[in-house]
Amino acid sequence: MIYDLIVIGGGPAGMAAALSARKEGIKDILILERDKELGGILNQCIHSGFGLGVFKEELTGPEYAQRYIEMTHEENIEYMLNTMVTGVHGIDEGSDTCNVTAVNSEKGLFELKSRAVILSMGCREKSRGALNIPGYRPAGIYSAGTAQRYVNIEGKMPGKKVVILGSGDIGLIMARRMTLEGARVSCVAEIAPYSGGLRRNIVQCLDDYDIPLLFSHTVTKIHGKKRVEGVTISKVDENYAPIPGTEKNYECDALLLSCGLIPENELSRDAGAKMEPSTQGPVVNENLETTARGVFACGNVLHVHDLVDNVTKESITAGHKAASFIKNGLGEWGEAHPVKVPSKEKNTIPEDMDRSCQMICVCCPNGCLLTAKKDEDGNYSVTGNLCPKGEEYAINEMTNPVRNISSIMKVIGGKGPVVSCKTSSEIPKGMIATVAGQIDKTTVNAPVKVGDILIKNVADTGVDIVATNVMESI
Amino acid sequence: MYDVIIIGAGVIGSSIARYLSKYRLNIAVLERSSDVCEGTSKANSGICHAGYDAKTGTLKAKLNVRGSKIMEGLSKDLGFGYIRCGSMVLCFDEADRGKLNELYERGLANGVEELKILTGDEAREIEPNLSSEVKYALHAPTGAIVDPFGLTVAMAENAAVNGVSFKLNTEVTAIKKENDIYKITCKKHPDAVHPDHTGEYVEEAPIVINAAGVYGDKIHNMVSGEKIEISPKRGEYMLLDTTAGSFVGRTIFQLPTEKGKGILITPTVHGNLLVGPTAEDIEDKEDTETTSAGIAEIKEKASLSAPAVPFREVITSFSGLRAKLVKRTHVDNLESEDADKDFLIGEVPDSKGFFDAVGIESPGLSAAPAVAEYIEKLICAKLAPALKEDFKEKREPIPNFKCADDNARKKFIENDSLYANVICRCCTVTEGEIVRAIHSPIPATTSDAIKRRTGAGMGRCQSGFCNPKVVEILSRELGIPCEAVCKNDPGSEYLIPEKEAES
């Protein structure tokens, strides 16, 4: 048979693109996913902060993924799991269909034909080698995402004394995550004089746990021949060159790297798609079609996005454009259309912020700088907020600071060892360690559904711990 | 008791083991690391030199040229990566033309075939990325690249299949000679995977071969009154992504000048681009650190040969130690007049039955099979052993999914459904290959050992995605907890045991 559309990668980009094409009336759609479940990297991003743009509410990564997985099921979109695509070829003189070669243990190696292909394989993290960090090459150096997978999916600890290099969002999130799992994070070093992560994450992932963020600092040496024993961190000048004499040693057994993402384009190159050096993704026309005809690209494979909502929006466009292509056939490719890459976040916490009455709002990615002043009657007036949530947040911070937390709980009899969970609403900030400890001591029997209450009224806070992902029984 | 004990399972020890495994000899190899190929053999240029470098008449020259001649055949028999891509030595100064001629003449004298001196333009015609500063180049079509891991593992596995016993995680702490028998005190690492001994024990043999790399002096000095000294010379490298692999088609050397030996740029058999090495005398025999100065030096010097090396494609940097002999003793088999810079191979005069194969710096990898042949002759002269009738001279490598076409891939999967599960995304390595490596004649018990045998984790994400999966597979296949799985030697565990994490 000839599929209308084959989507490579079942993360948020792939699912959004497939659903968008279905909405346009495209029938035979197949998603090929290499992991054991749909959802992509969202499954390990158990923190909340996703979906404000698309769902108008704040979701954890697995919850965001589950919504799309449910829609994919409702639309009866076919997908294959544990399936690796090894080759993609677009439409050319030799073939009036796209050809996809894939491999899985059920069907072995097989070829598929389709009228169009959407590439949505996502991206990967820069490694220690790409960063040229000198020193030994011991165990214990992880990209933040690898550490995240170990902790949040495998339920294993990659270290207990941690230094993090790079203050991208994943680095900041992992600083909090490792702390909640009982590790000590000595610092986050950032070579730039600002953070590429969101201000809200600097506050709720570092400040909340007294983890120092060292701007204009980088790791200049890795110590330890077998397992990491420590790192040297140096201050850098405006050209990012380490300043001699500023070296300081930090003892640690793990170094996590959060220094940037690179689109994953083995298949795009294999398909003969022309690449764009500035984005490290394929060159596309205004329809998001690569120079391999009939092969479209969206999401982090095209360029690295800051928010998943933006991935989703771009992928909806890709699905829509691929649908037109399927209906109308091969036209002129047209001109290359530079993708709009949003300028990088350059965030700092203002140094002159008066912490007695000022704060960064953590309610959404805006990270407003709020000022809360108490009037004579003891009421607070809040300025600097762009929405009512900010006012509520500021007053809470002054009177009774509260936070949501996300974690994992051990599962008995499940297909995986742990399931992600979160507080059903905010808990007092002072209760975070107690609640995290309680989650750590509790186990749950499989199966688990999203929203299942795992702990009722945790630590007498009146708040429940609820599951944010599914976990099937063995 | 063994007939022969070899100390060190690098490329030299493993090659010797393979060549001696033809005979009816009971042989053991003692290796302190958790795998073969854990020292100098794993961190070098991966070059099979044509043989014009070493002074005519030295063992280095003879064994290099011989190694270069037999390497291709061995690569087919034993299944390791080898590509005869050719090499060039660049000359940037009219005044250095004489030195290039010297190399050419020396190459002819050493028996290197097909050498030719090219003009800069001729060189750039076949290597367009070369600098416009290149005035002349010595072209050696017989220069080649070889997979140093593949070569070492192939030799070791073939030896093991032919009955040689490899004792890993086994450090030699003392040797004494009693009644013409060497008694070797061995210490098994307490955290070795499934150890066959605990603590200290003694292995015995009348013949001992010292192939201990940078520790060759330590082992030699345990038996001989004539002390030798090996001082490591560290070389740093940068490895670039396969996207940069065709930047040059040949190994590009620089003509050595007063300023030093220069930096090479070469494709690797895995399709990457390798740039290096620096050369720095150091004291610590474990000091394989990379340095920011070293990385800067590589970039600067490489740009002399080719100004546009795509260094942004770097995926890792590493350093290796050359076993440079700085104090040597006379060995009676040494025929060379330039002995102080030569390999030290032969029976130690004051310790009969004890053979050195040390000081094997460049071109050690190229010469390795020839070093083994040389030792083979010495041992044959000593013991006159009978040949085995059932010697298996060939070895089938683990079927490589990435390099196979779709029809071959289908066959692999038919034979083993684990070949349908791709574990390493960058290098397209399947679970089938990884599991086979774990159950191979020299079992891979660490993630580095798997990397060397299959390439998993060698790509641009440097195991970011496949590390958790490889750890899980090792844990499952070896029957050990994930927390006990190591990167290489014991002590390099990836994960913190749960109890420790909670404390």
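Between chain A and chain B of this predicted model, 15 residue pairs are in polar contact, both residues having pLDDT 80 or more, where a polar contact is a pair of N or O atoms within 3.5 Å, one able to donate a hydrogen and the other to accept it, and residues adjacent in sequence count only if both atoms are side-chain atoms. Five salt bridges also link chain A and chain B, each defined as a side-chain nitrogen of Lys or Arg within 4 Å of a carboxyl oxygen of Asp or Glu; one of them joins B:Lys410 to A:Glu111, with the closest N and O atoms 3.4 Å apart. The side of chain A that touches chain B comprises 17 nonpolar, 13 polar and 18 charged residues, with Ala, Val, Leu, Ile, Met, Phe, Trp, Tyr, Cys and Pro taken as nonpolar, Asp, Glu, Lys and Arg as charged, and the others, Gly among them, as polar.

The contact (heavy atoms within 4.5 Å) draws 48 residues from chain A and 55 residues from chain B. About 4,200 Å² is buried between the two chains, 52% of it on carbon and sulfur atoms, buried area being the accessible area (1.4 Å probe) lost by two parts on being put together, summed over both. Of the area that chain A buries against chain B, 15% is supplied by A:Leu109, A:Arg137 and A:Lys226, more than by any other three residues.

Residues are numbered from 1 along each chain as its sequence is written, while chains are lettered from A and ligands numbered from 1 in the order in which they are written. Local features need pLDDT of at least 70, side-chain atom pairs count only at pLDDT 80 or more, and totals for chains, interfaces and linings use all residues, side-chain values being based on heavy atoms, with hydrogens and water left out.
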